[in-house]
Each structure stands twice: as C-alpha cells, then as structure tokens.
Amino acid sequence: MNEVPSTELVVESQPPARRRIDLWAAQLGVAVVNLTARWPARARRSLARVLGDLGWALAASRRRVTLANLKACFPELDDAGRRRLGRRLFRNLAGATVDHSVLWKGSLQQIERLVRVDGVEHVHDPANRPLILLAPHFVGLDAGGVRVTTLWRAVTIYARQSNPVWDRWLAHGRSRFIQPVLIARRGADLRAAVRAMREGLPFYYLPDIDGGDSNSIFVPFMGMPTATLPMVSRLARMTGARVMMTVTEQTEDGYLMHLEPPWDDFPGPSVEHDTARMNREIERWVRRLPDQYLWTHRRFKTRPAGEPSFY
C-alpha cells in the first residue's frame, strides 16, 4: 500500500435529494465555523455554549449514547450529575469545533498561541528509537494533531468522511504545516505506518476505538471489559518504539498539549498486559478531564459473548 492514501471517498448510498441537503448543510457548517477565525477566544466560547446546549437538546441519539456511557463509567453520579457532565461535554465539544476556524485558517504564530505544549523535551531520544504519541479521544484531539504538524512530520491514521465537504475540509486542516503521512483507517495497511516510524516519524495514534471482535481483545476500562485494539503493544514489540501519552486539554483560552515521559518497562510480559496498562493510562486522564472525553462515541459497542447490547 502506498504511504499516501487514495483520495477516493467512501460514499454512502443515499437518495439524491438527501445527499444534496447533506452537502449544503456541511457547506453551511464550514462557512459558519470559518467566520469565527478572527473572533477573540471569549466570543468563540460564548458561541460554543449556545451551540453545545442546542446540540444537547437536538442530538437525541448522541445524548443517549453519552448518558449510557456515563451511567456505566460513573455509577457514583446520580441522573442529574450525569446530565450536567454530559451537557458540559457538549459545550466543550462545540468549543473545539468552533476553534477549528483558527486551527484551519490561523497563522503558525496563532496556532502556537492557541495550543501550548508541555513536555516537548521528552520527545528527544539519543538512540533515535521510533515513537508512538498515544492520543485518546478528548475534545482537543484535532488541536493537538495540528500542533504536532507545526513541530514534526508525523504519521497518523484517519477516518475518511462519507461527506466529501467535511472530508476535504478536515484533510486540508490536518495537512497545513509539515505534511504528515495520512493513512485511511478503512483497509489500512500498517506496513506504511511501520515504515514511516522506522524512518523517524512519530506516530500520532488514536487508540480508544471499538475495532470489533475480530481485531480487539477485552481488557478493563472504567471498570468494564472493553474491546480494545492491541496495536500499541504489537507496534512497540515490532519496532522497539517508545510510547508517550499525548493528551490535549481544553483550557479557558485555548489548549495545552501534555507530552508525558515515555513509559518505563514497555512492552511488558504480554500483549494483554500492555493493552490493559494502556487503558489504565487513558482512564487516569479521563478521570482528570471527565467532561472532555468523547462519551458521544459508542466505546462499548462490542460486548463479550453472552452480554446484551450496551446501547
């Protein structure tokens, strides 16, 4: 497989009228977000509160997924507490969406002011070993990804969007500075990622997705057996890569990308042991930033044999 993925889009079969509506809606959404590029951070946050509350009211399916996830992962919270947490998440997610105007259109200096970096010294390695930047699904994920491209050429796996308007917009923003190696998740051949890592490119990897029965193993996350991709352990064993947690926290005036020291004693005795450790590290950050983790995605969709559907 070539390192640069095909530009062919994954297009869902939809009636032509519905397809046109989706394209127009996406174009309107991009235009609205782009209008805020020169707004001060306070004004963007005010708009985000309105949009977040609107999303909480209207996006019923995502609201149900969020509340189901929070009920399972935070049993100590009552219904009112879970709803408050979910509503804060929707506001934070809206804020991250609006901030794409700066990430996608701002100058290098604006990006550096918007997304500060803590721990960049941990990236340096005298032995020049491969590096995995482990970036779980927090609302600042794209802010961190863009900031990485201002520092290094990197490799990452991305989800190709079915809507071509969103797909082009996202691809443009993620490739503005130092051109990354982008590998489409659907049909991804990890040999391209391994080659890039061995050539010295850090791998900005999103580990916390439900990859289904055939690709995952069940290890604990937030007190639940969770289908988890064991790719980090396998890549570390294959390449000798270091692994660093890379969490981008949304703050009052922007973002702070945390680059933690590489893990000691990794990989460990087994793939299962390593994957459970990875989930513990993600959980540590989830408990620190519970209203910034993307509870809107179906993290627990795949269940162990015999367990009922979670959603």
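Student: Which residues of helix 10 are buried?
Tutor: This is a predicted model, where local features need pLDDT of at least 70, side-chain atom pairs count only at pLDDT 80 or more, and totals for chains, interfaces and linings use all residues. Residues are numbered from 1 along each chain as its sequence is written, and side-chain values use heavy atoms, with hydrogens and water left out. Helices (DSSP runs of H or I, at least four residues) and strands (E, at least two) are numbered from the N terminus; buried means under 20% relative accessible area with a 1.4 Å probe, protein chains only. In helix 10, residues 231-239, the buried ones are Met231, Val232, Ser233, Leu235, Ala236 and Thr239.

Student: What covers the buried residues of helix 10?
Tutor: Look for contacts, meaning heavy atoms within 4.5 Å. The cover includes strand 2 (131-134), helix 9 (190-198), strand 5 (203-205), strand 8 and helix 11 (271-288).

Student: Which residue follows helix 10, and what is its phi?
Tutor: Step past the end of helix 10 to Gly240. The phi of Gly240 is positive, near 75°.

Student: Is Asn279 buried or exposed?
Tutor: Asn279 sits in helix 11. Leaving out residues up to four places away in sequence, Asn279 touches Val219, Pro220, Phe221 and Thr228. Its relative accessible area is 2%, so Asn279 is buried.

Student: Why does Gly119 count as buried?
Tutor: Gly119 lies in the loop between strand 1 (115-118) and strand 2. Gly119 counts as buried because its relative accessibility is 6%.

Student: Which strand gives the most to the lining of the second largest cavity?
Tutor: A cavity is a set of points on a 1 Å grid over the protein atoms alone where a 1.4 Å probe fits but cannot get out; lining residues have an atom within 4 Å of a point. The lining here includes Thr246, Val247 and Thr248. With three residues, the top giver is strand 8 (residues 242-250).

Student: How many helices and strands does the chain have?
Tutor: Take the secondary structure of the whole chain. The count is 11 helices and nine strands.

Student: What share of the residues of the chain is buried?
Tutor: The chain has 311 residues. Those that count as buried come to 53%.

Terms used:
1 Å grid on protein atoms, 1.4 Å probe; cavity = no way out; pocket = protein on both sides within 12 Å on 5 of 7 lines; lining within 4 Å. Buried < 20%, exposed > 50% of the residue type's maximum accessible area, 1.4 Å probe, protein only.
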